[in-house]
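Please find below some notes for a colleague who is meeting this structure for the first time. They are set out as numbered points, to be read beside the sequence and the model.

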Amino acid sequence: MANKQALRDLQTRLAQRLQAARSEGVAASWLGVEIRGGKYLFPLSHSGEIFPWSTTQFVPYTQPWYLGVANLRGGLYGVVDFASYLSGAAPAARSDMARNESRLIALNAALEVNCALLIDRLAGLKNAASFVDVADPGADAPDFFGKVLTDETGAQWQEINLQTLSAELPFLTIRA
(Lines give C-alpha, C1' and ligand atoms only; values in the text may rest on other atoms or scores of the structure.)
Protein backbone atom coordinates (compact mmCIF):
# COMPACT_ATOMS: atom_id res chain seq x y z
CA MET A 1 0.00 0.00 0.00
CA ALA A 2 2.84 2.39 0.85
CA ASN A 3 4.42 1.64 -2.53
CA LYS A 4 1.26 2.74 -4.35
CA GLN A 5 1.17 6.00 -2.41
CA ALA A 6 4.88 6.63 -3.09
CA LEU A 7 4.25 6.03 -6.79
CA ARG A 8 1.30 8.46 -6.80
CA ASP A 9 3.42 11.08 -5.02
CA LEU A 10 6.21 10.62 -7.56
CA GLN A 11 3.77 10.96 -10.44
CA THR A 12 2.33 14.12 -8.91
CA ARG A 13 5.79 15.68 -8.46
CA LEU A 14 6.76 14.78 -12.03
CA ALA A 15 3.56 16.29 -13.40
CA GLN A 16 4.21 19.48 -11.43
CA ARG A 17 7.78 19.70 -12.72
CA LEU A 18 6.67 19.13 -16.31
CA GLN A 19 4.07 21.85 -15.98
CA ALA A 20 6.65 24.23 -14.48
CA ALA A 21 9.06 23.45 -17.31
CA ARG A 22 6.39 24.21 -19.92
CA SER A 23 5.47 27.52 -18.33
CA GLU A 24 9.05 28.65 -17.64
CA GLY A 25 10.54 27.48 -20.91
CA VAL A 26 13.87 25.79 -21.40
CA ALA A 27 16.58 27.48 -19.37
CA ALA A 28 19.58 25.32 -20.21
CA SER A 29 21.73 26.51 -23.08
CA TRP A 30 24.82 24.30 -22.86
CA LEU A 31 25.95 20.82 -22.02
CA GLY A 32 28.89 21.09 -19.64
CA VAL A 33 31.68 18.56 -20.18
CA GLU A 34 35.12 17.98 -18.73
CA ILE A 35 38.06 17.02 -20.92
CA ARG A 36 41.55 16.44 -19.47
CA GLY A 37 40.95 18.84 -16.61
CA GLY A 38 39.40 21.56 -18.80
CA LYS A 39 35.78 22.63 -18.66
CA TYR A 40 33.87 23.08 -21.92
CA LEU A 41 30.38 24.06 -22.98
CA PHE A 42 28.67 22.49 -26.00
CA PRO A 43 25.57 24.36 -27.21
CA LEU A 44 22.52 22.14 -26.80
CA SER A 45 21.33 23.14 -30.27
CA HIS A 46 24.48 21.60 -31.80
CA SER A 47 24.75 18.59 -29.51
CA GLY A 48 23.12 15.30 -30.25
CA GLU A 49 22.63 12.12 -28.31
CA ILE A 50 24.94 11.11 -25.46
CA PHE A 51 26.31 7.56 -25.53
CA PRO A 52 28.43 5.56 -23.11
CA TRP A 53 31.91 4.65 -24.35
CA SER A 54 31.66 2.22 -27.23
CA THR A 55 34.36 0.15 -28.85
CA THR A 56 35.55 1.67 -32.10
CA GLN A 57 36.72 -0.02 -35.25
CA PHE A 58 40.19 1.25 -36.12
CA VAL A 59 40.55 3.02 -39.47
CA PRO A 60 44.08 2.94 -40.91
CA TYR A 61 45.91 6.01 -42.23
CA THR A 62 43.95 8.49 -40.14
CA GLN A 63 44.95 11.25 -37.72
CA PRO A 64 45.89 10.07 -34.19
CA TRP A 65 42.88 11.91 -32.72
CA TYR A 66 40.50 9.96 -34.98
CA LEU A 67 39.76 6.84 -32.93
CA GLY A 68 37.79 5.04 -35.65
CA VAL A 69 34.13 4.34 -36.27
CA ALA A 70 31.46 3.07 -33.91
CA ASN A 71 27.95 1.75 -34.30
CA LEU A 72 25.86 3.99 -32.09
CA ARG A 73 22.21 3.02 -31.99
CA GLY A 74 22.39 1.66 -35.54
CA GLY A 75 24.25 4.66 -37.01
CA LEU A 76 27.87 4.68 -38.10
CA TYR A 77 29.78 7.54 -36.43
CA GLY A 78 33.37 8.66 -36.64
CA VAL A 79 34.78 9.01 -33.12
CA VAL A 80 37.16 11.87 -32.29
CA ASP A 81 39.19 12.05 -29.08
CA PHE A 82 38.42 15.72 -28.46
CA ALA A 83 41.27 16.20 -25.96
CA SER A 84 43.73 14.88 -28.53
CA TYR A 85 42.23 17.06 -31.26
CA LEU A 86 42.57 20.16 -29.08
CA SER A 87 46.14 19.45 -28.02
CA GLY A 88 47.43 17.95 -31.25
CA ALA A 89 49.01 15.15 -29.20
CA ALA A 90 48.34 11.45 -29.42
CA PRO A 91 45.38 10.23 -27.34
CA ALA A 92 46.25 9.42 -23.75
CA ALA A 93 45.54 5.95 -22.43
CA ARG A 94 42.43 5.74 -20.28
CA SER A 95 41.95 3.37 -17.38
CA ASP A 96 38.85 1.19 -17.17
CA MET A 97 37.48 3.50 -14.49
CA ALA A 98 38.03 6.57 -16.69
CA ARG A 99 36.36 4.79 -19.63
CA ASN A 100 33.31 4.15 -17.44
CA GLU A 101 32.93 7.91 -16.88
CA SER A 102 33.73 8.94 -20.44
CA ARG A 103 30.96 9.59 -22.93
CA LEU A 104 30.51 10.05 -26.65
CA ILE A 105 28.62 13.22 -27.59
CA ALA A 106 27.18 12.95 -31.08
CA LEU A 107 26.95 16.11 -33.12
CA ASN A 108 23.41 17.19 -33.96
CA ALA A 109 22.12 15.60 -37.17
CA ALA A 110 21.42 19.11 -38.53
CA LEU A 111 25.22 19.63 -38.76
CA GLU A 112 25.32 16.77 -41.31
CA VAL A 113 28.47 15.19 -39.87
CA ASN A 114 28.17 11.69 -38.41
CA CYS A 115 30.67 12.29 -35.66
CA ALA A 116 30.86 11.77 -31.92
CA LEU A 117 33.31 13.50 -29.59
CA LEU A 118 34.91 11.50 -26.78
CA ILE A 119 34.81 13.46 -23.53
CA ASP A 120 36.02 12.49 -20.05
CA ARG A 121 32.98 13.38 -17.97
CA LEU A 122 29.60 15.06 -18.15
CA ALA A 123 29.22 18.14 -15.94
CA GLY A 124 25.49 18.74 -16.44
CA LEU A 125 23.31 21.31 -18.12
CA LYS A 126 24.34 24.95 -17.79
CA ASN A 127 22.52 28.21 -18.46
CA ALA A 128 23.52 31.86 -18.50
CA ALA A 129 22.51 32.28 -14.85
CA SER A 130 25.24 29.75 -13.91
CA PHE A 131 27.95 32.25 -14.85
CA VAL A 132 29.10 35.55 -13.39
CA ASP A 133 31.51 36.74 -16.08
CA VAL A 134 31.98 36.45 -19.85
CA ALA A 135 35.16 37.14 -21.82
CA ASP A 136 36.40 36.73 -25.36
CA PRO A 137 38.80 33.86 -26.07
CA GLY A 138 42.46 34.66 -26.57
CA ALA A 139 43.67 36.03 -29.90
CA ASP A 140 45.37 32.73 -30.73
CA ALA A 141 42.26 30.63 -29.95
CA PRO A 142 40.84 28.37 -32.67
CA ASP A 143 37.88 29.71 -34.66
CA PHE A 144 35.51 27.24 -32.98
CA PHE A 145 36.22 28.67 -29.52
CA GLY A 146 33.38 30.87 -28.32
CA LYS A 147 33.21 32.95 -25.17
CA VAL A 148 34.98 32.06 -21.93
CA LEU A 149 32.46 32.00 -19.10
CA THR A 150 33.34 32.07 -15.40
CA ASP A 151 31.05 30.43 -12.86
CA GLU A 152 30.43 31.49 -9.26
CA THR A 153 33.30 29.28 -8.01
CA GLY A 154 35.79 30.98 -10.34
CA ALA A 155 36.07 28.04 -12.74
CA GLN A 156 36.37 29.01 -16.41
CA TRP A 157 34.33 27.26 -19.06
CA GLN A 158 35.28 27.44 -22.73
CA GLU A 159 32.32 27.52 -25.12
CA ILE A 160 32.81 25.33 -28.20
CA ASN A 161 30.91 26.21 -31.37
CA LEU A 162 30.25 22.70 -32.69
CA GLN A 163 28.83 24.05 -35.95
CA THR A 164 32.07 25.91 -36.71
CA LEU A 165 34.14 22.91 -35.58
CA SER A 166 32.20 20.53 -37.82
CA ALA A 167 32.89 22.71 -40.87
CA GLU A 168 36.63 23.21 -40.28
CA LEU A 169 38.90 21.61 -42.85
CA PRO A 170 41.37 20.17 -40.26
CA PHE A 171 38.47 18.51 -38.44
CA LEU A 172 37.06 17.08 -41.65
CA THR A 173 40.46 15.89 -42.91
CA ILE A 174 40.95 12.66 -40.99
CA ARG A 175 43.59 11.20 -43.28
CA ALA A 176 47.11 11.18 -41.90
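1. Both faces of strand 1 are covered, with Trp30, Gly32 and Glu34 buried on one side and Leu31, Val33 and Ile35 buried on the other; here buried means under 20% relative accessible area (1.4 Å probe, protein chains only), and strands are DSSP runs (E, at least two residues) numbered from the N terminus, as are helices (H or I, at least four). Because six of its six residues are buried, strand 1 is largely enclosed by the rest of the structure.

2. This is a predicted model, in which local features need pLDDT of at least 70 and side-chain atom pairs count only at pLDDT 80 or more, while totals for chains, interfaces and linings use all residues. Residues are numbered from 1 along each chain as its sequence is written, and side-chain values use heavy atoms, with hydrogens and water left out.

3. Strand 1 pairs with strand 8 in the antiparallel sense over five bridges, where pairing requires that DSSP finds at least two bridges between the strands. In strand 8, Lys126 is the bridge partner of Trp30, and Gly124 stands opposite Gly32.

4. Strand 1 also pairs with strand 2, again in the antiparallel sense, over six bridges, and Leu31 stands opposite Phe42 there. The two strands form a hairpin with two residues between them, and Arg36 in the turn has a positive phi of about 50°.

5. An open sheet of six strands, with mixed pairing, has the order 8-1-2-11-10-9. Its edge strands, each pairing on one side only, are strand 8 (121-126) and strand 9 (131-135).

Technical notes. Buried < 20%, exposed > 50% of the residue type's maximum accessible area, 1.4 Å probe, protein only.
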